[in-house]
Each structure stands twice: as structure tokens, then as C-alpha cells.
Amino acid sequence: MRIVLGVGGGIAAYKSASLLRLLTEAGHNVSVIPTEASTRFVGVATWEALSGNTVSSSVFDEVEKVNHVRLGHEADLIVVAPATADLLARAAAGQANDLLTNTLLMARGPVFFAPAMHTEMWSHPATRANVATLRSRGAIVMEPAVGRLTGKDSGAGRLPDPEDIFTAAMAAAAAGLPAPADTASASLSGALAGKTVTITAGGTREPLDPVRFLGNRSSGKQGVALARAALDAGAHVRLIAAHMDVPAPDGVELTRVETALELREAVHAAAPDSDVLIMAAAVADFRPDRNSDTKIKKRDDGEDPVITLVRNPDILAEAVQHRNSARTSAGEALPLVIVGFAAETGDGTAEVLDYGRQKLARKGCELLVLNRVGVSLVFGQDVTEVTLLSPADSEASPAPTYTGTKSEIAGRIIARVSQELSAALPVR
Ligand code: CTP
């Protein structure tokens, strides 16, 4: 399992080193997230050495890995030990003011707290209320042990023994506690029954010669996740797959393509009898003007080759135009809903949104899934953030932004597509 071990700022933090040992020796991959305060008791080096993973308390370290989202999402189990009164309060309030509380908000698996504090703090009405709130949301909060506390006092509030925490946390994971957050796809069942959804996925490859091509970094994961979500919603799914790093899911009608021109042909063939077209493929905007039949050789006596690029057709914009010109006065032409994707880079959110809106207008589609990308962001990653732009967005109903794994995002997109489809269907 992937486990996050959260460490709160109490003297009992040192006991979590034994807990970490038990977890790693049982074969689990543990990421430790100490709070800033806890590092006064046990330093980061201890956690790194014992876990074999890098350790941070801050959302501002290794920003490119999007740890504040990724760690919680990937974790099969989160164990917080010691859970101090302050940490329980922040978790109950849903605060996100450090890496650990961000991770708790992103949790998809069981969350387990082992409290440690003085008896008065544990029995204070504020802590009682916080514990009740966390338990009502499905988290497990252990009862603290009774015994000697930090000072001369003793009573309820001692951190339970690491072996007891380990056993109880493993039992919680095995029982498969309900995830605290819902997933969009849970409500999708049957939403697209009887509908045909065509999805393009992956990156096109534009050949230069028999061994070389111009390609891009698209993994095809988002398109495949969309195909799965559409299948879950009961649709007949046609997947037009350019190069992908992942296999196509079972149950789709699969067409493999290589180049933008092949993808265009497949879209032209499929779109007129599809209810929905989703253009998730990364289509090369340009292709080499010549595809040499033989391998291009380097010649010491001659000039270096120059590659001239010519523009590929915009398949998405064409599909919208074809559909619009086929529309009857009753507005009936398929696909009723066409979805584009935009991978944009920019300095600020406003700038990226602006590019997205311009692209939505240029392409004329019903929805545009706007992704903000850098070289290491989004392409091939499992966690992503998108904004769903529509021409109907307004101040009263602004474009929603979703963060999550590609399959969660896919669930959101398919849910929205099925709404748009119901709204676009002629009333009879
Ligand atoms: N697309 C397409 N045909 C192309 C290029 C892109 O159908 N020749 C589709 C993609 O599948 C995606 C959307 O258009 O759904 C946006 O692609 P993108 O490359 O981000 O936009 P461009 O139109 O190429 O604009 P620019 O390169 O100027 O950002």
C-alpha cells in the first residue's frame, strides 16, 4: 500500500519512528508528512532515512510534483500519529494551511488518527466536538492510551503504542472504509445509455522517413479515462487512438491511427452518427511536407537537410463546421455535443483563461477542457487540474475548475457532457 504518515507537533512524535519502521517492514511505501512544529521534536532527516522518501512539511517544496494534491490522492491509507489537539482542530475545520492538512483534504482512502495530548485538552469540549466531526465523516480516531504524560501528570492522552496503532490502522485499511470524498462517476450509471460517444486520444506522429517522425508528449491517459467513464455511463464508445502509452480499455470500438490526416479521416467517418465527439487527442498542427521513402542520410559532403512543415487541418473546427452546416431548421445534426481540449501555457490564471476563451470561440465547440501545462505538468501525469469552458459561462454560472486524477476529471467531463446532451436534445 501507499501510506501517508502524518506527524503532529507533540513530544510523542519520536514514537512514530517505531510506527514508521513497522509500516515499512510490512512492505508499505510510506511518505512521511510532519507538521512544521513536529520537526522541532524529530527532524526531517530521521523521516527521510527511515522511509527512504523525501520529506517536507510545506506545499511550496517540489511544487512541480503537485504534492499537496498527489500525496492524498495516491494514498491507500493516511495515518496521523501523534494527532495533536491543534491538528485535530485543523482537520475538523477543513483547513489547508500546510502540506499535511492539504493531504487530508485530498484523501480518497481511509484516514486514521492516533491522538496524543494532555488529559484536559482531550476532554475539552472543543476537542470532543472536533473528534465527533471527524468520526461523523468516516475518519477513525483512536482513543488515546491512559498512563504517564509528558510532565508529572498522568491520565488519558498518551499516544497508543506503535504496535497498537499499526494493528488498528491495518485493520481499518483492510475493512476498506468509505472514502471521505465522493467521486463524480458514482452518479453516472446509465446517463449515456443508448448514446454513441466518439473519443480521440493520444498523440499523432507525422513521419519524416521510414524510421523518424515528429511527435508529442501526449500519453493518451486522459482519452482512455474518458472512454472508461463513457463506458461506465452506458455509452457505445468509439475510441480513435493515435500513439498512446496506455492500452485501450476493453469494450470500445477501436480505430488505430498514426497521423493527423488519418485521424481526420476516422473522425469524419465516425462523427456524423455520434451523439458526442470528444477531441482529447494531441493533434500535430504541422507535418513535414515530404515523407521520404528511404531513410534520410547524413552526408559529410552535402548540406544538412532542411525540413519544411505544412499545416494540418484543424479537425475539431472542421467537425463543428460540418455539423453546423448539416443542421436542419430544427437544429438536428450530430454530434450534438462537441468537446475540445486546450493545453495552454501562460504566466497567470487570467491569461490562461483568456487563451482558453479565445480558443473556444475559434473552434466553436460546446465545451473546451482547459489544461494549464508546463513540460512536466499534465502530460503523462496522473493528477491534473482543468477548467470546463462553455459559451454559456457567466458571472452567475462561472466555468468550474476541477482537480483530481485523470479518471476523476474524466468522470466530471462525462457528467457535464451528459447534461449538455440532455439540454441539446430536441423536446418532443
Ligand atoms: N485539434 C484538432 N486539429 C488540429 C489541432 C488540434 O482537432 N490540427 C484539436 C485538439 O484535439 C484539441 C483542440 O483542437 O481538442 C486544441 O488543440 P491545441 O493544439 O491546443 O490548439 P490549436 O488549435 O493548435 O491552437 P494553438 O496551437 O494556437 O494553441
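**Exercise 1.** State how far apart E74 and R70 are within helix α3, and say what this means in terms of helical turns.

*Solution.* E74 and R70 are 4 residues apart in helix α3, a separation of about one helical turn, where helices are DSSP runs (H or I, at least four residues) and strands likewise (E, at least two), numbered from the N terminus. The model is predicted, so local features need pLDDT of at least 70 and side-chain atom pairs count only at pLDDT 80 or more, while totals for chains, interfaces and linings use all residues. Residues are numbered from 1 along each chain as its sequence is written, and side-chain values use heavy atoms, with hydrogens and water left out. The two side chains form a salt bridge with an N to O distance of 3.2 Å, the term requiring a side-chain nitrogen of Lys or Arg within 4 Å of a carboxyl oxygen of Asp or Glu. R70 is partly exposed at 24% relative accessibility, as is E74 at 26% (buried is under 20% relative accessible area, exposed over 50%, partly exposed in between; 1.4 Å probe, protein chains only).

**Exercise 2.** Identify the parts of the fold that the salt bridge between R2 and E74 connects.

*Solution.* The side chains of R2 and E74 meet at 2.7 Å, N to O. R2 belongs to strand β1 (residues 2-7) and E74 to helix α3 (residues 67-74), so the pair ties together parts 72 residues apart in sequence. R2 is partly exposed, at 43% relative accessibility.

**Exercise 3.** Decide whether each partner in the salt bridge between R212 and D209 is buried or partly exposed.

*Solution.* Their closest N and O atoms lie 2.5 Å apart; R212 is partly exposed at 34%, whereas D209 is buried at 3%.
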